[in-house]
Structures are given as structure tokens and as C-alpha cells.
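Please look through the sequence and the model shown below before reading on. The report after it is meant for a reader who is meeting this structure for the first time.

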Amino acid sequence: MRAPAPAYAPNEGVIDTARAALGDLLLDAVDAVGEVSLNIDRERLVEAMILLRDTPGLEYQQLMEIAGADYPQREDRFDVCYHLLSLTRNHRLRVRVMTDEVKPVPSVTGIWPVAGWLEREVYDLYGVLFTGNTDLRRILTDYGFRGHPLRKDFPLTGYVEMRYSEEAKRVVYEPVKLAQDFRTFDFTSPWEGAEYVLPGDEKARLPEAKGAPTPLKADEVAKADAVQTPKDAPTEVKTTESTAQSGAGKPHPHAGPTPANPDVVPSKGQNQ
């Protein structure tokens, strides 16, 4: 069965063509899991993007997305990834540059105006700076937001929380206050047995009744059966051996002389 959408062009020859077009602008190239990634010199990003767009055999006309990634253990902790699409070749390409909190990345808004909002998103969530973007401000977080929420060192609870104040009749921002202290959980299955004892668990130490689910052994179950109070003997089922014991004195409800039927004419010799 054919795919509902056209398959992408193969990756053969893409890295060689890019290496020939970019020269020393290309730091590294990787072809993994069916995707081609190019590591570009950060300061010469705009020049490399123009070559990728205009070089025959590459022709990546559209910028589809700009994404970020944070690796705090590296000196240049941030990756800025550009995802390009070639309409004529039906092929996708990833271009990556590395930076930190201080060194800015050249803006590509002069090549693709759509990069304006995409660069603002990376700046908002990671704090990466872009030179040449005339409107570099937050786009997803609220006014007065402090920090960049997709950094690995950003606290999960944030720094401030907002609520509507009935006294001030407006939305106010306050430092985060946890509703309860931090607690550690052992996540032990209750069927395996936890190390702590909760209120009410002391009842489980006593033998349970027979038939109830219990973790006790067979000999302990036998002891539990021994301490149970014996049940009363079943009462004798009431039966009658004769009609006299039923109180009616008749073998069945309709026993007795049959009333005379006026429509029947008695015949002689038949005791009727």
C-alpha cells in the first residue's frame, strides 16, 4: 500500500553538497535516524543560511521551526536548532548552532520574516539572545515573568504565583508558597508491605476470618478458624407424615364429599 503522503527524498549526497557549498562554515555534519543535522559556526549563521537557500542541489526555501535545548553541563549550554524545508526537493534539514546566556545568535529575520516570532519564543523560554531582531521580547509568559521556564535549572514551582486579590480588586503576584512540606514517598506496593504503619493498620495484625483475603500462612489460618465461635446446629426441617399433622385432616384441600351436580341424572345401581 502506498503512503498517503509523498515520501521524503533520500539523504544520500546531502552532506557532501552542503560541505562543498558551506566550506569552513560547516563545523560538523551528522546523518542519524534518517535525519541530517549540520553544525554551523554561530557568528556566520546568516551567511550559511543564504547558501543553504540559494545553492542548487540544496534549495531549502522555508524555515519551518526554531527550537532550543539546554545542556547545563556544557560551556555553551544552549542549542538553537533551525528546521528547514526544501519544496523543490521535498527534503528537510536541521541546522544547529551553540551559545550561552551571553553570546548572541545572529537573527535570520532578514531571510525569513517568520523567524521574528520563533526567535522570541526561544528567547522567552531559554533566554537566548538574538542580534538583529527588532522586537525581541517575551511572547508566551506573562508580564513581569522572572526567569526562563525551559532551562534545566528553573524550579518546577517557579518563583512567583498570581491570584486575584479581593482586597486590592486586581491580580497580584506573590512569592511561591507551598501548601505542604516536602514529603518523601517510598512507593512500596501495599501488597508487598510498607515499612511505616498508618492509623488502622494495626488491625491487620490480627487473624482474619475464614474466607477473607489475608497474607497469613496456612497454620495461622487454622488458628483463626479455631478461635471462631461454633455456629448453632441447623434446626430440623418441619415435615408432616399424615394429614392429621397438617391441621386440616384432609389428604388435599379438595378432599371430602362431592356436591351433587343438578345436571347429572343418577342411574340405578351406581350408588349415585
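## Basis of the description

This is a predicted model, in which local features need pLDDT of at least 70 and side-chain atom pairs count only at pLDDT 80 or more, while totals for chains, interfaces and linings use all residues. Residues are numbered from 1 along each chain as its sequence is written, and side-chain values use heavy atoms, with hydrogens and water left out.

## The chain as a whole

The chain contains 4 helices and 9 strands, where helices (H or I, at least four residues) and strands (E, at least two) are DSSP runs numbered from the N terminus. Read from the N terminus on, the order of these elements is α-β-β-α-β-β-β-β-α-β-β-β-α.

Of the 272 residues, 25% count as buried; here buried means under 20% relative accessible area, exposed means over 50%, and partly exposed lies in between (1.4 Å probe, protein chains only). The accessible surface of the chain comes to about 20200 Å², and 56% of that surface belongs to carbon and sulfur atoms, with areas taken from the Shrake-Rupley method with a 1.4 Å probe and, for residues, only the protein chains shown counted as cover. Among the contacts with a separation of 6 or more, 44% are accounted for by residues 24 or more positions apart, a contact being heavy atoms within 4.5 Å.

## The largest nonpolar core

In soluble globular proteins, nonpolar side chains tend to be buried together. A nonpolar core is defined here as a set of buried Ala, Val, Leu, Ile, Met, Phe, Trp, Tyr and Cys residues joined through side-chain atoms within 4.5 Å. The largest such core in this model has 36 residues, of which Leu38, Met49 and Tyr82 touch the most other members. At least two residues of this core come from each of helix H1 (14-22), strand S1 (26-32), strand S2 (35-40), helix H2 (45-54), strand S3 (62-70), strand S4 (78-86), strand S5 (91-99) and helix H3 (115-126). The element that gives the most to this core is H3, with 5 residues.

## The second largest pocket

The second largest pocket has a volume of about 230 Å³. On a 1 Å grid over the protein atoms alone, a pocket is an open set of points where a 1.4 Å probe fits, with protein on both sides within 12 Å along at least five of seven lines, and its lining residues have an atom within 4 Å of a point. Grid points are joined across faces, edges and corners, and the volume is the space filled by probe spheres set on the points.

The lining of this pocket is made up of 13 residues, and those that lie nearest its centre are Gly34, Glu35, Val36, Arg92 and Leu93. Two or more lining residues come from each of S2, S4 and S5, and S5 gives the most, with 4 residues. By class, the lining has 6 nonpolar, 4 polar and 3 charged residues, where Ala, Val, Leu, Ile, Met, Phe, Trp, Tyr, Cys and Pro count as nonpolar, Asp, Glu, Lys and Arg as charged, and the others, Gly among them, as polar.

## Two buried strand residues

Val36, found in strand S2, counts as buried because its relative accessibility is 2%. Not counting residues up to four places away in sequence, Val36 touches Asn11, Val14, Ile15, Val30, Asp31, Leu93 and Arg94. The C-alpha atoms of Val36 and Glu12, which are 24 residues apart along the chain, are separated by 9.9 Å.

Ser165, found in strand S8 (residues 160-165), has a relative accessibility of 5% and therefore counts as buried. Leaving aside neighbours within four places in sequence, Ser165 is in contact with Arg170 and Val172.

## Residues in loops

Most residues other than glycine have a negative phi. Glu59, in the loop between H2 and S3, has a positive phi near 55°, and Asn90, in the loop between S4 and S5, has a positive phi of about 55°. Glu59 counts as partly exposed at 26% relative accessibility, and Asn90 is partly exposed with a relative accessible area of 26%.

Lys103 is found in the loop between S5 and strand S6 (105-106), and touches Arg42 and Asp76 when residues up to four places away in sequence are not counted.
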